[in-house]
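Trainee: Could you help me see how the words we use for a structure follow from its numbers? I would like to go through a few of them with you.

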Amino acid sequence: MRYWMESCGWLQGSLVKQENVLDILNIFGDADLISDFRNIALIVASGSCDVANPGDPYIEFSVARYRDNVSGNYNFNKNPRTLHCKLESSMTNDFCIEMQAHEKISITKSKITEGIRADPGVKFSDQELFFYVEWLSGRYKRPAFPSEFDNRINNEWNKDKRKKESSRV
């Protein structure tokens with residue numbers, strides 16, 4: 001049996017209706033997020049198959065904050081820790097959000113009542129959804145070098161000398 005959330009439009013990249021954001025944050029129980037709920041959008045980060053699978057008891061949300069605009073430094077997955085996206089709205093003007101990779105919440109699906117719904121009127125464009133999903137996965141598949149490697153490179157390149165040279169330009 002598929003989980004009820006799938007039939008109610010809960011898919012990866014879906015947004016929680018704004019009037020239900022506080023309900024979800026109260027379930028999660030973080031006082032800082034609760035106090036800032038008017039500036040927060042919650043986006044389903046769990047894969048659509050995980051949302052639909054009753055064997056996966058949790059649903060994960062990215063915590064997003066509303067912004068006036070999208071910075072070119074943070075869209076199209078240019079930054080592995082911060083993502084800016086534009087969302088399409090059928091009821092109002094399109095709007096922008098910012099997400100931080102570390103800022104996610106996970107809630108037991110059974111604690112979410114059927115009255116709390118995904119918002120069918122607000123969505124990512126297909127391109128923005130692609131970048132969001134890639135950004136989520138990129139957090140775990142990006143290359144990383146050990147600190148010892150970084151230390152050796154800095155010593156070899158003489159980091160202080162480079163800073164001094166660049167200040168002359």
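This is a predicted model: local features need pLDDT of at least 70, side-chain atom pairs count only at pLDDT 80 or more; totals for chains, interfaces and linings use all residues.

Trainee: Let's start with Asn 75, in the loop between β2 (58-67) and β3 (82-89). Why does Asn 75 count as buried?

Mentor: Its relative accessibility is 11%. Buried means under 20%, so Asn 75 counts as buried.

Trainee: And which residues is Asn 75 in contact with, leaving aside neighbours within four places in sequence?

Mentor: Those are Val 70, Leu 83 and His 84. Contact means having heavy atoms within 4.5 Å.

Trainee: Which residues of α5 are buried, and what do they pack against?

Mentor: Glu 128, Phe 131, Tyr 132, Trp 135, Leu 136 and Gly 138 are buried. The buried residues of α5 pack against β1 (40-44), β2, β3, β4 (95-108) and β5 (122-124).

Trainee: What makes β2 and β4 a pair?

Mentor: A pair needs at least two bridges. β2 and β4 have nine, in the antiparallel sense, so they pair. In one of these bridges, Ser 62 has Lys 104 in β4 as its partner.

Trainee: How many bridges join β3 to β4?

Mentor: Six, with the strands running antiparallel. Leu 87 stands opposite Phe 95 in β4, and β3 and β4 form a hairpin with five residues between them.

Technical notes
Residues are numbered from 1 along each chain as its sequence is written. Side-chain values use heavy atoms; hydrogens and water are left out. Helices (H or I, at least four residues) and strands (E, at least two) are DSSP runs, numbered from the N terminus. Buried means under 20% relative accessible area, exposed over 50%, partly exposed in between (1.4 Å probe, protein chains only).
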